[in-house]
Amino acid sequence: MITAAALQHAITAADWEALRPIIWIAGGALAVLLFDLCLPRGAHRISSVLLGVTSLVWAGGFLVRNYHTPYAAFGGAFLSDGFSVVFQGAIVLATLLSLLFVYTFEERISSAGAVALLLWAASGAMLMTGAGNLLILFLGLELLSLALYALCGMASRRAAREAALKYLLLSSMASAVMLYGMVLLFGVTGSVNFSAFLAPPPGNPLYLVALGLFYVGVAFKLGLVPFHIWMPDVFEGAPLPVTAFMSVATKAGMLAVLARIIYVATPAGLANKVLLPIWVVAALSMIIGNLAALSQSNLKRLLAYSGIGQIGYIVAAFAGATALGLRYALFYLLAYLFMTLGAFAVIAALSDQADEGARLVSYAGLAHRRPMLAAAMSFFLIGLAGLPPTVGFMGKLLLLSSVLNAGYISLAVLLIVGTAISIYAYAKIIRVMYAPMRHEVVAGAMSATWPLPWIAIAICSVAVLGLGLYPLVPSAVLPLVK
Amino acid sequence: MITALILGPILGGLLLFALPRTADAAARACGVVLALAALVVTLTGSTLPDESIAWLQRPFIANYHVGLGQGLGFWLVALLNLCTMCAIAVIKVPRVRDFTALMLLLEGSMAGVFLARDLLVFALFWDLMLLPVFLVLIGWCGHATAAWKYLIYNVLGGLTLLLATAAFGIAAGTTDVIGHGPIPVLTPTWAAWIFAGFAFAFLVKTPVWPFHGWMPETYVELPAPMVALVSGIQSKAGLYGFLVIAWVLFAEQMHAMVPVFGSLAVIGLVYGGCMALVQSDIKRVVAYSSLSHLGLILLAIMSGQPLALQGAIVYMLAHGLFNVALFLGLGFVEVREGTRVLSRLGGLGVSNPRLAGALIFAALAALGLPGLGGFSGELLILTGLYQAGDYWQTIVALLVIIVAAAYMLRLFQGTMQGPVSDDLPQRPDLSAVEVLALIPLAAMIVLLGVNPSVLSSGVEPSNAVIHALPLQKERA
């Protein structure tokens, strides 16, 4: 029993060191709640956001330190290596940017509660990235999911309650399926450690069944086709910061799990059988996700569908199980993070208490009313479409090379087809913003009240342009094999 | 300094947005000055060394490598800067500042395509090129279909090019291969597929029949200064790709495909000519005539005969010049009369002698009047084709040149001669600026017509690249 080994392992300071970023964030959430009690009513929102951002930045500092010191903490239960640190960094960044949109919450919603839940969700996702065994994985997953169930419903709109309920029911279902897979995996291999899956007992068909159930759970949480049905509704209904968080941070956590399974726990003999479904799911997501994005008239929904496609690209790079693929998948994850959150930042800048600026009609003629916002939105959409001079172009190129390098030529062609479809979906928004005005659109309450989304827009723009011209691809990212 | 040719217009275009929204004249003046500066740098820069900065080490080596040289790229960039300058000078659209900025972005990205010495840089600017045109199509044109057609065709081409570039990088280990260095040897399967990707992108961008679906509407919808650049110079990007990428890196595959592409070129040549005869929209006439001319150039490129190739290069430049002049002239007609329908127009020459003079000059250059640029190009191409033994193609091309005379004269007569349409405004003749903008183009057309060897300093090196290869067709 591996857990017994973990218990026998003497816990040292180095173990806590590996967990320190997560501890800081989870502790930060407690501090946010505490300060909320002490401070006067008017200062709640700003203090919660500031505290949250501080704890995230602090955690980011520890992550930078952990990047070069791979360590298997707690007897291999939590692996802090370049691989998980990059994923954790992505989660921290995504959470940080999402926190900047918290002001779009309705007045009567406790912002401290929302911030604390977001931070806990982030720590859950981070725990998943370093999980070395199924128990820690499930712990992180449930911490993430429970926080998200509550967050999804944090608005008085009917759609928000519907989103929360839908997410609760379907996601628990997926968790159950995944858990069943985990139990079977444990039954077949006699261990919960990922590394034990490398040598399954030969000839036991249950192993593949278990792995299949496990993958279904992963695919559901990632929103990959054909397990994506819940995503658009939940994304549309959930409050904007939560949607932003879910579109990147949740997926980063789950992608880390998928990558770790593929890279350290896939037996060489079974690689073809195991990678084939991943290949198919990636291909389906790229095509169907982008096709569905074509007809959307709500930006949150559109970004949900486009996210399905974009995650499909990333999973396509995993499907080759090559080192190159992992490296460029991580790079594209960062690219996706900045492009998507940049787009969400523009939506946030157009939102106010009464209305989240996500309806496509409210973008009509935006270029004539708010040229800077329209330009920023176009820039991020161009990036998502994979056109230069953005990180989307460079990321696409690197993904394509890794997919070709792995020998999946047809997958590379499908990636191009999916991109071509998606460009129409993004260009549609650009057209709405830039088309000549037929009649005067009533300039509604579309004015940014807080400077925070502008900070997010600035960060994302610089990153999308900079990483596009000079791709800083993380190098030490192959997962630890324990 | 070479980088300045790319970044100058792009950054300058972005800086234009700092001007006040209504500063039309200032924006136009800034645009002309920037394009003129780029032209001066180009003309004095033929001896500038290449600029190269390491870019990617993995998964393949790619450098930001740009070079001007003295070959085809040099002349195309010079043509680009000259035409941009003339086109910006006569911009007459709403929101001049934004339009000028997009013109400069287009100029910079096209310069990037012609200056790139690395396939990845080439692909980057190739894809960048479509953004300004798309933005103008959605921001200044009424019909969305033109924008969507343009986007879908060109995005497909651009993405295929990107895929081919990635595949080339993976297969060859480097993309820093345009016009210099040893030619990487690829396995036949890879080479065939990669070549197919490049060729598709080039065929769409040129465009060549049957990939021209986006062209007529785009040309009709775009305001004159932008369509002048797109038809005059952007259409050369595909032909340039065939000359410096396809013929050099994929000579074997090109040989295999010569009959196919040659047939497409002939079909385009005839089809474009016939369609131009029956169009009722003046811009559509030139659009289809352009399809026909580009078919002729592609035919010459496919023959691989040295004389025909020289002719192709001369004709590429001449076509750029007279097409820009034609579209600018038709733009003047459109802005003045508010219509493009041939049957509605008529008799403009009576009150607009300068406009009529400009248009007849451009039309004569387009139909191949001896002494003007079009003629010397056509003559070289036809001689070359005949020497290469492509007799029936030569005859077809000759017949189409007669058709060209017919549709160009129909265009001129329909607009400038005949009875005056009283219900049309007959606005004043060309202003001094508009005349001044056309003079450099006309001068260059004459120069190319009387002395095409002015390019010879440029044609030789690019030919040297081509001649390093077994390009001559083996004939039984």
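Trainee: What is the accessible surface of chain B, and what share of it belongs to carbon and sulfur atoms?

Mentor: The accessible surface of chain B comes to about 15,500 Å², and 70% of it belongs to carbon and sulfur atoms, where such areas come from the Shrake-Rupley method with a 1.4 Å probe and, for residues, only the protein chains shown count as cover. For chain A the corresponding values are about 16,300 Å² and 72%. This is a predicted model, in which local features need pLDDT of at least 70 and side-chain atom pairs count only at pLDDT 80 or more, while totals for chains, interfaces and linings use all residues. Residues are numbered from 1 along each chain as its sequence is written, chains are lettered from A and ligands numbered from 1 in the order in which they are written, and side-chain values use heavy atoms, with hydrogens and water left out.

Trainee: Why is chain B called as compact as a globular protein of its length?

Mentor: Chain B has 19 helices and 2 strands, these being DSSP runs (helices H or I of at least four residues, strands E of at least two) numbered from the N terminus. Its radius of gyration is 21 Å, close to the 23 Å that the globule rule gives for 476 residues, so chain B is as compact as a globular protein of that length; the radius is taken over C-alpha atoms, and the rule is 2.2 Å times the number of residues to the power 0.38. Along the principal axes, the C-alpha trace of chain B spans about 65 × 55 × 40 Å.

Trainee: Why is A:Ala385 called buried?

Mentor: The term applies under 20% relative accessible area, with exposed over 50% and partly exposed in between (1.4 Å probe, protein chains only). A:Ala385 has 2%, so it is buried. It is found in helix 15 (residues 371-385) of chain A, and it touches A:Lys396, A:Thr419, A:Ile423 and A:Tyr426, residues up to four places away in sequence not being counted, where contact means heavy atoms within 4.5 Å.

Trainee: How do you know whether B:His212 is buried or exposed?

Mentor: B:His212 has a relative accessible area of 9%, so it is buried, although it is found in the loop between helix 8 (188-205) and helix 9 (215-221) of chain B. Apart from neighbours within four places in sequence, B:His212 is in contact with B:Pro207, B:Tyr271 and B:Leu291.

Trainee: What share of each chain is buried?

Mentor: Buried residues make up 64% of the 476 residues in chain B and 63% of the 482 residues in chain A.

Trainee: What makes a set of residues a nonpolar core, and which residues touch the most other members of the largest one?

Mentor: Such a core is a set of buried Ala, Val, Leu, Ile, Met, Phe, Trp, Tyr and Cys residues joined through side-chain atoms within 4.5 Å. The largest has 386 residues, of which A:Leu137, A:Phe318, B:Phe122, B:Phe242, B:Ile245 and B:Leu441 touch the most other members. Helix 13 (residues 323-349) of chain A gives the largest share of this core, 22 residues. Leaving aside neighbours within four places in sequence, the contacts of B:Leu441 include B:Leu82, B:Cys86 and B:Leu328.
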